[in-house]
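My notes follow in the order in which I looked things up.

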Amino acid sequence: MGAITVLGIESTAHTYGVGVATSDGRILANASSTYVPARGGIHPREAAEHHSKVAAEVLRRALYESGVSLEEVDGIAVALGPGMGPCLRVGCSVARALASYFNKPLVPVNHAVAHVEIAKLTTGARDPLVVFVSGGNTVIIAYAEGRYRVFGETLDIALGNCMDTFARELGLGFPGTPIIERLAARGREFIELPYSVKGQDVSFSGLLTAALRLAREGKHRLEDICYSLVEVAYDMVVEVAERALAHTEKRELILTGGVARSRLLQEKLRRMCELHGARFAVVPNEYAGDNGAMIAYTGALALEHGVTMPIEESYIRQRWRVEEVDVPWVESSLASAPRPC
């Protein structure tokens, strides 16, 4: 049996993406359009309106890039969650229409699982601990007994949301992480800020509140506040990742999600992995943020193992947790691949 080819649609938040990929790991297309709010954070209804307007054009670009027609694909995959309801509905509506019109199986994909799979594919990782950090997610994931399990997560806001909110409230721009890191590079003084690690979990809301209060008081240089903010936030993530690495005894750690582009976070995790003799890898920038290719590739793996969903049952799941998803392709890949030295 040859490789399966799937078209995938991503619309969980501010990015509308369409990708085409095969079950043997070839990314044939990865087209997208991103909604950028005029002010403030992401407005779900405005983002959904953006997605509706660009959906046809992004699909056309993906098909042109891949050289594959809709008649030729084996299935239509879509991210059913987690994410913002209005945004998810746009992608799901398009996927249902394509699956129905072209008589293709509809494949449900969990957004977080897709981030894990595209990171494994692009880094060559086999059975890693995964640090998934983005605007809406901060979670430590590893595979065990048929599913990806959560070994630590944020108890309130995500790491990316913390950075974006800090930057937005001070009028620094969007996205917040690269802006804050540039300012932090000029910091000279470390300021004590709330460090909130609770067992395997982290909490960023107190850190954000304290950093904003200091910035508004104006008694410290903004560069020093940014320096202290990223140092504390990233060290919290590294601490829970290190504890999970020791607990799971994984020999690889991969960093994925939009905040994975942070060179500073990469370096902190790399040094921690060196101390434990574990391999460290980062998803390429092209696939770090939300994208259609990760949905297409994960959908191809799922379809190859018989995972489909009737169109009439394809409801969006805004709070679809990663440990609720069966991933039968992972066990078969672990059984067939040699263990790393």
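What share of the contacts in the chain with a separation of 6 or more comes from residues 24 or more positions apart? I found that such residues account for 76% of these contacts, a contact meaning heavy atoms within 4.5 Å.

I note that this is a predicted model, in which local features need pLDDT of at least 70 and side-chain atom pairs count only at pLDDT 80 or more, while totals for chains, interfaces and linings use all residues. Residues are numbered from 1 along each chain as its sequence is written, and side-chain values use heavy atoms, with hydrogens and water left out.

Next I looked up burial, and buried residues (under 20% relative accessible area, with exposed over 50% and partly exposed in between, using a 1.4 Å probe and protein chains only) make up 55% of the 341 residues.

I then searched the whole structure for salt bridges (a side-chain nitrogen of Lys or Arg within 4 Å of a carboxyl oxygen of Asp or Glu) and found 20.

One of them joins Lys 250 to Asp 127, with the closest N and O atoms 3.0 Å apart. Lys 250 lies in the loop between α7 and β11 and Asp 127 in the loop between α3 and β6, so the pair ties together parts that are 123 residues apart in sequence. Both Lys 250 and Asp 127 are buried.

I also looked at Lys 53 and Glu 49, whose side chains meet in a salt bridge at 3.4 Å, N to O. Lys 53 is exposed at 64% relative accessible area, whereas Glu 49 is partly exposed at 44%.

How values were computed. Helices (H or I, at least four residues) and strands (E, at least two) are DSSP runs, numbered from the N terminus.
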